[in-house]
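Keep the viewer open and click along as you read.

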Amino acid sequence: MFKNIEQIFKTLILINCFISVVITLKIFIRNNYTFSEMSMGLLVTIIYGSIWFYSLYKIYNFSKIGLRIYISLTFLGFIFNILSNLSYLDKTIYIFTLSEHIIIGSILTFAYFSKIKSKFK
């Protein structure tokens, strides 16, 4: 049973990673970000995305530090969403964003309220 929970947990992390890549690419395309002209929005997106994927990697390997970073970035992401212009949310991004939030909640629930919480070191 424990192994099955671990597999579900790791699958959720991989799905979260995939959805995050799709959302990030859509944001890049929608905002016409180019690396030739570094803007503040591009820099923030690159830094946030890099730390986000690092935290997913660390959570996949059951790191408590990765989990703390993940939670911090989740709250920071909510603040970014509140402060940003949400006009870029087309139907696809909106569905991916909702799905990602459900998965984030599932990952945090597994990490704190299931038997795998003892694997985090």
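## Ground rules

This is a predicted model, where local features need pLDDT of at least 70, side-chain atom pairs count only at pLDDT 80 or more, and totals for chains, interfaces and linings use all residues. Residues are numbered from 1 along each chain as its sequence is written, and side-chain values use heavy atoms, with hydrogens and water left out.

## The overall layout

The chain has 4 helices and 0 strands, running α-α-α-α from the N terminus. Helices here are DSSP runs of H or I with at least four residues, strands are runs of E with at least two, and both are numbered from the N terminus.

Of the 121 residues in the chain, 31% are buried. For the cut-offs, buried is under 20% relative accessible area, exposed is over 50%, and partly exposed is in between, using a 1.4 Å probe and protein chains only. The accessible surface is about 7,700 Å², with 69% of it belonging to carbon and sulfur atoms; these areas come from the Shrake-Rupley method with a 1.4 Å probe, and for residues only the protein chains shown count as cover. Take the contacts between residues at least 6 apart in sequence: 70% of them join residues at least 24 apart. A contact means heavy atoms within 4.5 Å.

## Helix by helix

How do the lengths of the helices work out? The expected span is 1.5 Å times one less than the number of residues. For the 21 residues of α2 that gives 30 Å, and the end C-alpha atoms are 30 Å apart, which agrees. The 20 residues of α3 reach 29 Å from first C-alpha to last, close to the 28 Å expected. Helix α4 (residues 91–113) has 23 residues that should span 33 Å, and its end C-alpha atoms are 33 Å apart.

Now look at which sides are covered. In α2, the buried residues are L42, T45, G49, W52, S55, L56 and I59. Seen down the axis of α2, they fall within an arc of 165°, so they line one face of the helix. The arc is that of the directions from the helix axis to the C-beta atoms. M40 and Y57 are exposed on the other side of α2. In α3, G66, L67, Y70, L73, T74 and G77 are buried, and their arc down the axis is 120°, so they also line one face. Over on the other side of α3, I65, R68, F75, I82 and L83 are exposed. Buried residues of α4 include I93, E100 and I107.

## The greasy middle

The largest nonpolar core has 20 residues, and those with the most contacts inside it are F9, I13, W52, I59, Y70, I107 and F120. Each of α1, α2 (40–60), α3 (64–83) and α4 supplies at least two residues of this core, and α1 gives the most, with 7 residues. A nonpolar core here is a set of buried Ala, Val, Leu, Ile, Met, Phe, Trp, Tyr and Cys residues joined through side-chain atoms within 4.5 Å.

Not counting residues up to four places away in sequence, I13 touches L56, I59, Y60 and I107.

S20 lies in helix α1 (residues 2–30) and is buried, with a relative accessible area of 4%. Its side chain makes a polar contact of 2.9 Å with the side chain of W52 and another of 2.6 Å with that of E100. The S20 side chain also reaches the backbone oxygen of N16 at 2.8 Å. A polar contact is a pair of N or O atoms within 3.5 Å; within protein, one must be able to donate a hydrogen and the other to accept it, and residues adjacent in sequence count only if both atoms are side-chain atoms.

E100 sits in helix α4 and counts as buried at 10% relative accessibility. Leaving aside neighbours within four places in sequence, E100 is in contact with N16, I19, S20, I23 and W52. The C-alpha atoms of E100 and C17 are separated by 9.2 Å, though these residues are 83 apart along the chain.

Most residues other than glycine have a negative phi. F62, in the loop between α2 and α3, has a positive phi, near 60°. F62 is also buried, with a relative accessible area of 7%. At the start of α3, a side-chain oxygen of S63 reaches to within 3.3 Å of the backbone nitrogen of I65.
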